[in-house]
Amino acid sequence: MVSVPEPTITALGGGVGASKLLEGLVRVLPPERLTIVVNTGDDTVMFGLHISPDIDITLYTLAGMVNRQTGWGLGGDTFSCLEQLERMGEPSWFQLGDRDLATHLFRTRRIRAGRTLSEITEELRQRFGLGCRLLPMSDDPVPTKIVTDGGVLPFQEYLVKHRAEPRVKEVRFEGVERARPAPGVVDAIRESSAVVICPSNPLISIGPILAVKGVRAALQSTPARVIAVSPVVGGKSLKGPTDRMLRDLGLEVSALQVAKLYKDFLNVLVIDHADETIRSEIERMGVQVVVAQTIMHGAQEKVKLAQVVISILNEQAA
Ligand code: FO1
């Protein structure tokens with residue numbers, strides 16, 4: 001029997017959808033073989049504190065501490081600080097939990113002392129006991145701005161304050177021309193056996209990572225197999241406003257559209273059984289299609305989908 005060496009995987013993701021697949025991946029792969037590159041376009045400053053929602057979602061989820069109802073924030077957290085701020089007339093639309101605040105204080109103190117987001121993320125990774133590598137996409141700020149029919153909104157205002165209701169006309173990644181990939185990001189894409197694009201919003205979670213100089217080119221030229229899991233199932237997004245945003249921008253809401261957005265670097269697209277009918281259309285683009293259950297409710301489904309991803313690599317290596 002030929003033994004297949006354990007693959008190394010670089011996963012690109014952001015937010016709740018990604019964290020579900022990542023939870024599966026850390027169970028089927030030795031964590032030191034996994035590097036996660038996280039979107040920081042969602043980062044925001046609230047009450048003077050630097051908040052990196054997608055990094056924190058990943059940290060809390062992989063540490064087993066996430067709020068399972070929302071998929072963000074810490075399980076069992078309280079909101080006394082926010083309630084008091086509200087009594088004092090401060091805005092309270094962004095739910096900052098009391099224990100969650102500790103992470104933001106930790107990060108902000110170090111940023112003020114001149115440390116980079118990569119260095120702070122590495123320190124947080126160790127404090128939360130994660131075995132995998134965790135990299136922000138960039139140490140430079142690239143705040144996502146949503147151009148809507150009601151004006152330009154910072155990302156969290158669009159998503160949380162306005163519940164993704166305003167019509168989207170354009171998505172901008174402010175400052176991306178000047179942003180450099182964080183240390184290790186491009187090398188991880190070039191040197192792993194596979195790059196996994198998690199089932200995250202292609203426009204506002206994966207889009208900012210791809211927009212950082214050198215990242216898209218690294219994906220186009222890497223010898224690694226690039227595998228994406230579609231966040232669109234049966235014409236609807238698995239999480240958040242992906243479907244609405246695609247529609248507002250005049251794009252189709254389908255796994256085929258996801259393949260089109262990634263077509264210059266994508267080798268394999270994992271789609272749900274519900275989308276089996278569009279399989280051949282995607283294959284005609286030169287993309288291999290794997291059909292699986294992509295909706296992940298429990299731990300078992302997360303592990304199963306992660307195993308599907310690993311099996312694609314093993315098939316190739318065998
Ligand atoms: N999402 C919400 O829908 N409402 C909130 O009040 C909210 C607060 C929040 C606080 C800290 C944090 O790390 C994340 C938080 N999120 C909240 C999630 C976040 O807005 C988004 O899910 C991500 O930016 C998208 O990945």
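**Exercise 1. The largest cavity**

Which residues line the largest cavity? Work on the predicted model shown above, and describe the space as well as its lining.

*Solution.* Begin with the search itself: across the whole structure of this predicted model, 1 cavity of 30 Å³ or more is found. The largest cavity holds about 60 Å³ of space. Its lining is then read off residue by residue, and consists of Asn67, Thr70, Trp72, Gly73, Leu74, Asp77, Phe79, Gln95, Leu96, Gly97 and Asp100. Sorting these residues by class gives 4 nonpolar, 5 polar and 2 charged residues in the lining, with Gly counted among the polar ones.

**Exercise 2. Aromatic pairs**

Determine how many aromatic pairs the structure has, and describe the pair formed by Phe155 and Tyr158 and the pair formed by Tyr262 and Phe265.

*Solution.* The count comes to 4 aromatic pairs.

Tyr262 is buried, at a relative accessible area of 2%, and Phe265 is buried at 5%.

**Exercise 3. A charge over a ring**

Which residue lies over the face of Phe106, and at what distance from the ring centre?

*Solution.* The residue is Arg110, which is placed over the face of the Phe106 ring at 3.6 Å from the ring centre.

**Exercise 4. Strand 1 and its partner**

Is strand 1 (residues 9-13) mostly covered or mostly uncovered, which way do its residues point, and in what sense does strand 1 pair with strand 2?

*Solution.* Take the burial first: strand 1 is mostly covered, with 5 of its 5 residues buried. Next, consider the directions. In a regular strand the side chains alternate between the two faces of the sheet. Here Ile9, Ala11 and Gly13 point one way, while Thr10 and Leu12 point the other way, and all of them are buried. Finally, strand 1 pairs with strand 2 (residues 34-38) in the parallel sense, over 5 bridges, and within this pairing Ala11 has Ile36 of strand 2 as its bridge partner.

Key
Residues are numbered from 1 along each chain as its sequence is written. This is a predicted model: local features need pLDDT of at least 70, side-chain atom pairs count only at pLDDT 80 or more; totals for chains, interfaces and linings use all residues. Side-chain values use heavy atoms; hydrogens and water are left out. Rings of Phe, Tyr and Trp (its six-membered ring) pair if their centres lie within 6.5 Å; planes under 30 degrees apart count as stacked, over 60 as edge-to-face and the rest as tilted. Buried means under 20% relative accessible area, exposed over 50%, partly exposed in between (1.4 Å probe, protein chains only). A charge sits over a ring if NZ of Lys or CZ of Arg is within 6 Å of the ring centre and within 35 degrees of the ring normal. On a 1 Å grid over the protein atoms alone, a cavity is a set of points where a 1.4 Å probe fits but cannot get out, and a pocket is an open set with protein on both sides within 12 Å along at least five of seven lines; lining residues have an atom within 4 Å of a point. Grid points are joined across faces, edges and corners, and a volume is the space filled by probe spheres set on the points. Helices (H or I, at least four residues) and strands (E, at least two) are DSSP runs, numbered from the N terminus. Two strands pair if DSSP finds at least two bridges between them.
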